[in-house]
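Reader: I am new to reading structures. Can we go through one together, feature by feature?

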Amino acid sequence: MKIGLIAAGIALLSMIATIGYSAEIEVKMLNKDSAGQKMVFEPSLIRANVGDTITFLPTDKGHMAASIKGMMADGGKFKGKTNKPVSYVVTAEGLYGIKCTPHMANGMVAVIAVGNTFETEAFLEGKKVSKKAKARFEDILSQL
Ligand SMILES: [Cu+2]
């Protein structure tokens, strides 16, 4: 009886290990962060693993989150509504560019980094982004 229970326990544990855990990561959308930066995602560099869910929260009013075309490692896309939370599940390793469309010109962008090796130079190459967004992207990528 006891051995049966232990065997069942081991089977259950190995099942859990196989499935693995997917994390839920929350990102705030703010008018101003603790460092005084205006129109920001916090964090603006989001470290994640394949299968994780990233949720952008409308902590301050007037923001939304959307994928940037040509900047999604898994080729996916999403577009949230202003003042509503929106979630995205990352399905491939690499970099993902995220924007708040109304504040893109103010540099309101974020990067989701999945995995350990990134091609940071190719990420911005040939992409049309505002001056402030480019500066913030460069700042974020320099932290990788
Ligand atoms: Cu915004």
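Reader: Which residue in E7 is the bridge partner of Ala-66?

Author: Some ground rules come before the answer. This is a predicted model, where local features need pLDDT of at least 70, side-chain atom pairs count only at pLDDT 80 or more, and totals for chains, interfaces and linings use all residues. Residues are numbered from 1 along each chain as its sequence is written. Helices (H or I, at least four residues) and strands (E, at least two) are DSSP runs, numbered from the N terminus. Two strands pair if DSSP finds at least two bridges between them. Here, the partner of Ala-66 in E7 is Lys-99. Strand E5 (residues 66-72) and E7 run antiparallel, joined by three bridges.

Reader: Which strand do six bridges join to E7?

Author: That is strand E8 (residues 109-114), again antiparallel. Gly-94 stands opposite Val-114 in E8.

Reader: Is strand E7 largely enclosed or open?

Author: Count neighbours. A residue is buried if 20 or more other C-beta atoms, placed from the backbone, lie within 10 Å of its own, exposed if 12 or fewer, and partly exposed in between. In E7 (residues 94-99), five of the six residues are buried, so the strand is largely enclosed by the rest of the structure.

Reader: Which residues are buried in helix H3?

Author: An α-helix has 3.6 residues a turn, so residues three or four places apart point the same way. In H3 (residues 131-141), the buried ones are Ala-133, Arg-136, Phe-137 and Ile-140. They cover an arc of only 105° around the axis (taken from the directions from the helix axis to the C-beta atoms), so they sit on the same side of H3. Lys-131 and Glu-138 are exposed, on the face turned away from that buried side.
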